[in-house]
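Here's a quick tour for anyone opening this one up for the first time. Have a look at the sequence and the fold, then read on.

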Amino acid sequence: ATGAITLDPGYKNSGSCKSDITFLDGEQGILRYRGYAIEDLAEKANFLEVSYLVIFGELPTAAQLEKFENDIRKYTLVNEEMKNIIDGFPKTAHPMGVLSSLTSALTAFNPKVVNVENEEEMYTAVCKTMGKFLVLATWTFRKTSGFPLNYYDNTKGYVENFLRLMFELPTGPYTINPVIVDALDKLFILHADHEQNCSTSTVRMVGSSHAGLFASISAGVSALWGPLHGGANQAVLEMLEEIQKDGGDAEKYLAKAKDKNDPFRLMGFGHRVYKNFDPRAKIIKKAADEVLATLGVNDPILNIAKQLEESALQDEYFKSRNLYPNVDFYSGIIYRALGIPTDMFTVLFAIGRLPGWIAQWKEMRVNKEPIGRPRQVYTGYALRSFKPMNER
Ligand code: SDX
């Protein structure tokens with residue numbers, strides 16, 4: 001897409017890599033998975049279809065998609081002993097910390113997934129990860145809410161199962177709202193991959209030592225948790241709630257964000273690569289309007305977000321630094337309208353990003369990339385003579 005690129009001779013996996021999966025252009029605000037525009041995929045495909053594309057490189061035929069969904073269904077049961085692990089966590093544990101631990105623990109119950117030797121074993125590892133991760137992600141919510149843990153229903157779709165796993169109670173069936181399913185499909189698609197971001201680079205780095213897929217994904221979950229990365233969607237909502245509590249004065253918080261002596265940053269704004277609008281933010285902003293209108297939710301937080309965005313986009317400080325809303329700025333508003341608790345927002349980011357993590361780990365292993373070994377610029381002391389204790 002961008003012509004030949006040259007990697008420095010010291011490239012030998014110094015952390016940068018070649019990849020066929022995702023192309024993004026930060027100046028133009030372009031994002032494509034395997035050559036397909038994110039705008040098309042978000043509007044015309046569903047999340048499992050896009051997961052197949054990201055992982056295997058092509059949009060699936062109807063038969064391929066059905067087989068993929070059925071093969072995932074073979075592995076949606078989680079070993080009952082995993083419940084002993086989740087029971088060890090306090091109810092106050094953050095879901096991302098629980099999810100990272102549970103994902104790593106999957107290796108203990110699926111040792112074969114550590115070193116996949118061939119395409120068939122790789123395919124099985126992919127399906128196991130897609131199936132079990134979704135269940136464990138919802139268990140983190142069920143645990144902190146004191147609800148019994150749910151099981152995947154193989155008669156229902158992937159996103160429908162997410163909703164059931166999260167919200168269905170023994171007291172009666174959970175009614176699937178197609179508007180919510182459609183909104184989640186779109187949101188998961190928008191998060192599916194984003195080339196070498198912090199958490200994906202972590203997954204590739206850990207996997208490059210030939211640590212297994214579950215251990216690598218677990219490390220990715222931990223990296224995503226940080227408020228500068230995936231944790232930003234939770235931080236955005238907490239910021240908007242703070243502004244609302246403080247009288248809704250967006251300008252006051254804009255001023256705080258510009259004040260170098262104030263640690264406050266405008267969460268959901270800025271991006272390491274996008275120096276133009278994050279294309280995902282545009283789609284999510286439109287979806288937020290549609291979902292809240294369809295669900296009849298009138299959330300004043302959305303108005304504060306729009307006011308903040310409008311003021312920031314006209315402000316010299318933000319314009320001169322190319323600071324625009326990113327994927328996390330509006331996603332939390334939709335999650336809140338769908339009844340998702342704030343501390344689960346980043347877990348939903350992880351569910352969406354899972355196919356990207358898997359695809360990037362698979363690409364790194366199939367390409368037999370060497371173990372990651374980033375280089376450094378040494379800025380410490382030159383050689384010094386040892387100083388005995390009485391001279392220190
Ligand atoms: C994600 O990489 C990916 O692709 C990530 C992601 C993905 O899909 O995987 O897109 C998902 O992580 C999106 C980003 C979510 N994080 C946030 O919304 C947190 C708030 N944003 C900032 O922390 C920051 O913008 C980063 C971390 C996102 C990007 O940081 P950079 O590129 O290192 O920018 P910087 O810290 O060098 O800042 C450049 C200037 C600085 O001012 P000066 O020193 O030049 O005076 O911009 C300022 C910063 O102070 N700045 C901000 C700001 N972000 C940068 N000022 C106020 N509010 C902000 N949000």
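This is a predicted model: local features need pLDDT of at least 70, side-chain atom pairs count only at pLDDT 80 or more; totals for chains, interfaces and linings use all residues.

Strand 2 (residues 30-33) runs antiparallel to strand 3, and 2 bridges link them. Arg32, for instance, has Ala37 of strand 3 as its bridge partner.

## A well-covered helix

Now over to helix 7, which spans residues 158-167. How many of its 10 residues are buried? The count is 8, so helix 7 is mostly covered. The buried ones are Tyr158, Val159, Asn161, Phe162, Leu163, Arg164, Leu165 and Met166.

And what does the covering? Among the elements over those buried residues are helix 2 (47-56), helix 3 (62-73) and helix 6 (119-145). Helix 8 (178-190) and helix 17 (345-366) are also included.

## Where helix 7 meets helix 8

Packed helices are described by the angle and the distance between their axes. For helix 7 and helix 8, the axes come within 9 Å and cross at roughly 110°. Angles of 65 to 115 degrees count as roughly perpendicular, so that's how these two helices lie to each other.

On the helix 7 side, Val159, Glu160, Phe162 and Leu163 make the contact; helix 8 brings Ile180, Val181, Leu184, Asp185 and Phe188. Sorted by class, this contact has 7 nonpolar residues, 2 charged ones and no polar ones.

Technical notes
Residues are numbered from 1 along each chain as its sequence is written. Side-chain values use heavy atoms; hydrogens and water are left out. Buried means under 20% relative accessible area, exposed over 50%, partly exposed in between (1.4 Å probe, protein chains only). Helices (H or I, at least four residues) and strands (E, at least two) are DSSP runs, numbered from the N terminus. Contact means heavy atoms within 4.5 Å. Two strands pair if DSSP finds at least two bridges between them. Axes are lines fitted to C-alpha atoms, for helices over the stretch in contact, and angles run from 0 to 180 degrees between N-to-C directions. Angles under 35 degrees count as roughly parallel, over 145 as roughly antiparallel, 65 to 115 as roughly perpendicular and the rest as oblique. Ala, Val, Leu, Ile, Met, Phe, Trp, Tyr, Cys and Pro count as nonpolar, Asp, Glu, Lys and Arg as charged, and the others, Gly among them, as polar.
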